[in-house]
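Please study the sequence and the three-dimensional structure shown below. The exercises after it are to be worked through in order, each with its solution.

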Amino acid sequence: MSKVTVMTDSNSGITQEEAKQLGVAVLPMPFYMDGQMYYEDIDLSQEQFYERLAQGTEIKTSMPLVGDVADAWERALKECDEIVHIPMSSGLSSTCETALVLAQNYDGRVQVVNNQRISVTMRQSVIDAVQLAGQGHSAEEIKNILEACKFESSIYIMVDTLEYLKKGGRITPAAAALGTLLKLKPVLQIQGEKLDAFAKARTVKQARSIMIESMKNDFEKRFDSADGAKMNLSMAYTYNLEEAESFKEEVQAAFPNNEIVLQPLSLSISCHIGPGALAVACSKKIEFC
């Protein structure tokens, strides 16, 4: 039986410390701040990131450097036979495509998973991959299993401010100004490849309600699991843990049969939506043999 290492990047929200506990490897995502490069969870913490964001620092995301990815694979392959590499969704970044090209140099020993996940749903894919590897599945088998269910997930995100969507060009300055005037709280959606507009709320309370009802609808109609038995349920937030914990109580009341994992949103998403965001996410459970 081959020894398989599971590798991902910090878009999964998995910290270096948690990676040690899970037995996985996490590539830190690079960020450029005023032209200087920092690595997430290495020399850039969540607190430092939001502090610089509040100061108006120009922050740009970047995919992992090809050399960093190759070095990480080379180190891992000295200790294992195969690698399952789980990058962020190909619809949100060229990270996945670059990894797929690079993997062609490794004679099948590196299997790159393109399963359209990000943040907490991506984290769940990593945990699933670890369990599958523990059951003796090969890297290629794990890749195929994860990609077969790649669209069986949902994320709904409430944005607290329109400022960062405007900066990223996702909405026009005029739309941002009108939305700010009306105090709108947009709800965004990720179901597969991209981050899309979903609904507009006038209050945080209404946005919370929209997300919970949308998740209930997904459980029942998309996933045929009204009772939640087939589903993993997660939540995420950007730099407002108190608000997130309050929302978690509401979500838990709506889904009493599900254990909820609450994690910070990955910084790659956070820099486009800003602080104060709340998210609820689900993914369908894999049937392990």
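The model is predicted, so local features need pLDDT of at least 70 and side-chain atom pairs count only at pLDDT 80 or more, while totals for chains, interfaces and linings use all residues. Residues are numbered from 1 along each chain as its sequence is written, and side-chain values use heavy atoms, with hydrogens and water left out.

**Exercise 1. Two packed helices, α3 and α4**

Task: Describe how helix α3 packs against helix α4, and state which residues meet.

Solution. Two packed helices are described by the angle between their axes and the distance between the axes.

Step 1. Helices (H or I, at least four residues) and strands (E, at least two) are DSSP runs, numbered from the N terminus. Helix α3 covers residues 66–77 and helix α4 covers residues 95–103.

Step 2. Axes are lines fitted to C-alpha atoms, for helices over the stretch in contact, and angles run from 0 to 180 degrees between N-to-C directions. The angle between α3 and α4 is about 50 degrees, and their axes are 11 Å apart.

Step 3. Angles under 35 degrees count as roughly parallel, over 145 as roughly antiparallel, 65 to 115 as roughly perpendicular and the rest as oblique. The two helices α3 and α4 are therefore oblique to each other.

Step 4. A crossing is left-handed if the near helix is turned anticlockwise from the far one by less than a right angle, and right-handed if clockwise. For α3 and α4 the crossing is right-handed.

Step 5. With contact meaning heavy atoms within 4.5 Å, V66, V69, A70 and W73 of α3 meet T98, A99, L102 and A103 of α4. This contact of α3 with α4 comprises seven nonpolar residues, one polar residue and no charged residues. In this classification Ala, Val, Leu, Ile, Met, Phe, Trp, Tyr, Cys and Pro count as nonpolar, Asp, Glu, Lys and Arg as charged, and the others, Gly among them, as polar.

**Exercise 2. A second pair, α9 and α10**

Task: Apply the steps of the first exercise to α9 and α10.

Solution. 

Step 1. Helix α9 (residues 204–222) packs against helix α10 (residues 241–254) at an angle of about 40 degrees, and the axes lie 11 Å apart. That angle makes α9 oblique to α10.

Step 2. The crossing of α9 past α10 is right-handed.

Step 3. On the α9 side the contact is made by V204, R208, M211, I212 and K216, and on the α10 side by E243, S246, F247, E250, V251 and A254. By class, the contact of α9 with α10 has six nonpolar, one polar and four charged residues.

**Exercise 3. Salt bridges**

Task: How many salt bridges does a search of the whole structure find? Examine K143 with E147 and K185 with D160 in detail.

Solution. 

Step 1. A salt bridge is a side-chain nitrogen of Lys or Arg within 4 Å of a carboxyl oxygen of Asp or Glu. The search of the whole structure finds nine salt bridges.

Step 2. The side chains of K143 and E147 form a salt bridge with an N to O distance of 3.0 Å. Both K143 and E147 lie in helix α6, four residues apart, about one turn of the helix. Buried means under 20% relative accessible area, exposed over 50%, and partly exposed in between (1.4 Å probe, protein chains only). K143 is buried at 16%, whereas E147 is partly exposed at 21%.

Step 3. The closest N and O atoms of K185 and D160 are 2.9 Å apart in their salt bridge. K185 belongs to strand β9 (residues 185–190) and D160 to the loop between β8 (153–158) and α7 (163–167), so the pair ties together parts that are 25 residues apart in sequence. K185 counts as buried at 15% relative accessibility, and D160 counts as partly exposed at 33%.

**Exercise 4. The surroundings of N114**

Task: Is N114 buried or exposed, and which residues does N114 contact?

Solution. 

Step 1. N114 is placed in the loop between β7 (110–112) and α5 (119–134).

Step 2. N114 has a relative accessible area of 19%, so N114 is buried.

Step 3. With neighbours within four places in sequence left aside, N114 is in contact with S90, C96, E147 and K150.

**Exercise 5. The surroundings of T57**

Task: Locate T57 and list its contacts.

Solution. 

Step 1. T57 sits in the loop between α2 (46–54) and β5 (59–61).

Step 2. T57 is buried, with a relative accessible area of 11%.

Step 3. Not counting residues up to four places away in sequence, T57 touches M33, D34 and R52.
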